[in-house]
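I have opened my notebook for a first walk through this structure.

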Amino acid sequence: MLNSYSFSKAQINRLFPFYILINKNMEISSLGKSLHKICDFQKPRNISQFFSISSPKNQINVFDDLIAIQNQFVVLQLFIDKKLILRGQFQYLENSDEILFVGSPSSSSLEQVKENKLFIGDYAKNNRLVNAVNTGQIRGIRKQLDGSIAAIATMSKCQKNELQIGNRSDYDSFLFSKQSIDPHIRINYNGDLLYHNPAASHIDFLNYEDKTYPIHLFFKLIVRKIAEKKESWSFEASSNKVQYSFDCVDVPLEGVINVYARDITNSKKQQLELEKLSFIVQETLNMVVITDSSGKIDWVNRAFEQISGYKFSEVKGKKPGSFLQGEDTSLETVAYMRQQIKDAKPFACEVYNYNKSGEGYWIRIKGQSIFDKNGKAINHFAIQEDITRYKSIQQDIQKSEKKYRDVVDNSLTMIITHNLDGKILTSNPVAEKIYGYSQSEQINHNISEFIPEDKKLHFKEHYLKNIIKNKISTGILKVKTKKGKIVYTLYNNFLFEEAGKEPFVMSSSVDITKHVLLEKKLKRAKKVTEVLAQSKHNFLANMSHEIRTPMNAIIGMSRQLQKSSLNDDQRSYLDIIETASENLLFIINDILDLSKLEVNKMFLEKIAFKLEVVIDGALKVMAYKAQEKGIQLTKSYFDAKLSPVLIGDPHRINQILLNVLSNAIKFTEVGGVDICCTVLKDNGTSQYLEIKITDTGIGMAPKFLKTIFKKFTQEYEANAENFGGTGLGMAITKSLVGKMEGKISVESKINVGTTIRITFTLDKADELDLKTKNSVVVTSANLKGKKILVVDDNRMNRMVAKVILKDYDVIISEAINGEEAVNYLKNNPCDLVLMDIQMPVLNGYQASKVIRQELKLDIPIIALTANAMKGEKEKCLEFGMNDYVSKPFDEESFLQVIGTCVGNPVVSLS
């Protein structure tokens, strides 16, 4: 049974052998026995003559400065021996009006202990260094002769090395024992992990000094700390909610650092509880009374003696009520306490007592019973708070509230409080300045009275309910000032709830009107920009249509002319026309693609395809250009791990490859261009791929690599003159790769060459996902005698269609708009309609709709359109057309579509 919480000087010295007691004059009045060995202390002297405070960095001049840093971690350095550093904390002793420092030297090795002229017996038994010696976790092997540090300290370096080497095998077996519950780790001087026991396997990160380190980075920190501290480093850190004490010991003979960890989570909790108990018992201002099972006093603290005026010796063995209660003590309260104590139940109440001098005082008492392991009440414990000074405390609260009010009134932010209905309780001058309403015009008025009508319902139904539910709310409030101006404030509000008091909301807000108006202006500008971009896109689309229409005639007629008998000069001229037309078409397509990407109307397909077929196709297309320049075009590597069938947009991948290959060939005069395809990572259902294209061309300067993907960019003006091009290809390529959630990078060196890497992820597929392509062979036998109506307002386009079809013995009729086509079909049978889209009077969509819905004809209709935009084909099908051909059309594709729709085509599967 605990009879006293006081300690003798011998007990204090055993628990805290390095304590320092400081009086009101900043003089050391007492030192721990172990500090006496180092400091020549004979009479009180100022603490500044012995020690300097290196942490915290507060200015320490007077006694109150020490009180201000109590309960903080403190580092003291001894002037006469700067190697000795004490770590601990200050605690103010109110009863004696003194400051007590409790701590110990920061020694992490036995050598440091010796340097400070100390022995292991000079430390408290609970010191971590003593524990490390007793468990064999520091450098040097603890002799079992007499346990003295001197025996180890006087060993020669050679003897220590021999002991370490001789015991290494046993030591390592012990250190990394699978049965050990303490984590043990060994690292080298590079911070690399060499060994660890199972208990250390779950430590993958450490929380140290308010930072979280991955364990491999913390190993690097250990190496640095050991290098700074020479031999060892001790610290505390946590991982996965477990608190550890670490001792890191340098083993230079083996070139390693051993790290010993110990789970101190429970001891930390116990230490905290012990500190709390110690504080309650020794330093609390409240009275503490412990009685036996019959209610007779066993022990009281100093506060009880001071407030009641009775010494412990005077009241021991007595019941508190026998000498504390008097005339004005409530008998009902006394009866309540006695019954609760008798029933071994907790109790709380207020009671009027009398001190030894006969003066009355009020206490608030809380008591409970203490039970043994069998559940029997063996003691009763009570904490008594003197509440006589309640009025004085109230005055202090009022002073505190005034300070708070001063802070609020002088704040640069608006601070307002309101109740749960939105009624304003208080406001500061800043709110008055910004809103224009005086405090009297705000207080007791609802906030909804100051906000616009369109926001009042939101305030009541959303804000008020949200703050009550979540206790916190952040947002923007729109307020109408007294002058009618709209103000936007950013608020951060908290709900305060206290027992016995009405809950209220504390609102802190700032005026962000300028920011909101600027944001709205930017949004309007963004919308205008988007409209302009859309207008640009529409313009380019229309221009593309207008250019494609004559281009269809130029390309179509030149291809027909190629079939005729020509001399060499004529054929050469025709080749030039065809090449120029194709180049112009490429430019149109590039500009249109760029426009689609800018307005985010570029859509990627997701269909099954064979990547190798796409790559081979691109190489086949580019082969003639390479042959013209006399350079090689090769595919040096194609990864065997590549899935035969993938899901993606083969057309856009082909476009990317053609852009990059075309550039590579264009700027390569000697050597060649090579393409490789590699699987970087197989994820089971998808593959992360890299396509690398390397050339031996002229290369690029490092400066240009930063702008290569910008629109209309070429390295030098001379390049544009010598090699041509719009400078759009790489910009489009990067945008397409980005659309595919891939990356593109460029490495280049002048006069050496360029390497472009394209990486992206594609889902896997199988052969069953591939769509079978029907290849239609069209002959005059298939189409002979078929009646075909060509509907187009452009005479050249009608002529192109007629010229292509003249060799197939078909009967051609013409119409210049949709209305003529409808009238023709009313009176004439027809096997196929070739329908232009953009025509006067009645366009192709409208004409097709009339043919299907009014004439009820199921005649095949093929759209001929110069609109190359995504979704055009779907729109044509929606209006009842059967298929779609884009101008300028390829003759073979044109005939295949016709052959599919009419006649008895010969079909081959590919």
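**Entry 1: a surface patch.** I began with Phe7, Leu15 and Phe16, which form a nonpolar patch on the surface with about 260 Å² of accessible area together. Patches take residues with over 30% relative accessible area and no salt bridge, joining like charges within 9 Å and nonpolar side chains (Val, Leu, Ile, Met, Phe, Trp, Tyr) within 5 Å. The areas come from the Shrake-Rupley method with a 1.4 Å probe, and for residues only the protein chains shown count as cover. I found phenylalanine 16 in the loop between helix 1 (9-15) and strand 1 (20-22); helices (H or I, at least four residues) and strands (E, at least two) are DSSP runs numbered from the N terminus. Phenylalanine 16 counts as partly exposed because its relative accessibility is 31%, where buried means under 20%, exposed over 50%, and partly exposed in between (1.4 Å probe, protein chains only).

**Entry 2: ground rules.** I noted that this is a predicted model, in which local features need pLDDT of at least 70, side-chain atom pairs count only at pLDDT 80 or more, and totals for chains, interfaces and linings use all residues. Residues are numbered from 1 along each chain as its sequence is written, and side-chain values use heavy atoms, with hydrogens and water left out.

**Entry 3: the whole protein.** I looked up the overall figures next. The protein has 31 helices and 38 strands, and 42% of its 910 residues count as buried. Its accessible surface comes to about 51000 Å², with 53% of that belonging to carbon and sulfur atoms. Among contacts (heavy atoms within 4.5 Å) with a separation of 6 or more, 55% are between residues 24 or more positions apart.

**Entry 4: the cores.** Which residues touch the most other members of the largest nonpolar core? I found Leu611, Ile653, Leu657 and Ile693, in a core of 40 residues. Among the elements that each supply at least two residues of this core are helix 21 (611-629), helix 22 (650-666), strand 28 (672-682) and strand 29 (686-695). A core here is a set of buried Ala, Val, Leu, Ile, Met, Phe, Trp, Tyr and Cys residues joined through side-chain atoms within 4.5 Å. I then followed isoleucine 653: leaving out residues up to four places away in sequence, it touches Phe609, Leu611, Val614, Met740, Phe760 and Leu762. A second, separate core has 26 residues, including Ile28, Leu35, Phe50 and Ile69.

**Entry 5: salt bridges.** Side chains of opposite charge can pair when their charged atoms come close. I searched for a side-chain nitrogen of Lys or Arg within 4 Å of a carboxyl oxygen of Asp or Glu, and the whole structure holds 22 such salt bridges.

- Lysine 356 and glutamate 314 meet at 2.6 Å, N to O. Lysine 356 is in the loop between strand 17 (347-354) and strand 18 (360-371), while glutamate 314 is in helix 12 (residues 312-315), 42 residues apart. Lysine 356 is partly exposed at 47%, and glutamate 314 is partly exposed at 28%.
- Lysine 456 pairs with glutamate 453, the closest N and O atoms being 2.9 Å apart. Both lie in helix 18 (residues 453-470), three residues apart, about one turn of the helix. Glutamate 453 counts as exposed because its relative accessibility is 62%, whereas lysine 456, at 21%, is partly exposed.

**Entry 6: serine 813.** Is serine 813 buried or exposed? I have it down as buried, because its relative accessibility is 17%. Serine 813 sits in strand 34 (residues 811-815). Its side chain makes a polar contact of 2.8 Å with the side chain of tyrosine 824. The term covers a pair of N or O atoms within 3.5 Å; within protein, one must be able to donate a hydrogen and the other to accept it, and residues adjacent in sequence count only if both atoms are side-chain atoms. Not counting residues up to four places away in sequence, serine 813 touches Ile788, Leu789, Val790 and Tyr824.

**Entry 7: aspartate 263.** My last stop lies in strand 14 (residues 256-263). Aspartate 263 is partly exposed, with a relative accessible area of 42%. A polar contact of 2.7 Å joins its side chain to that of threonine 265.
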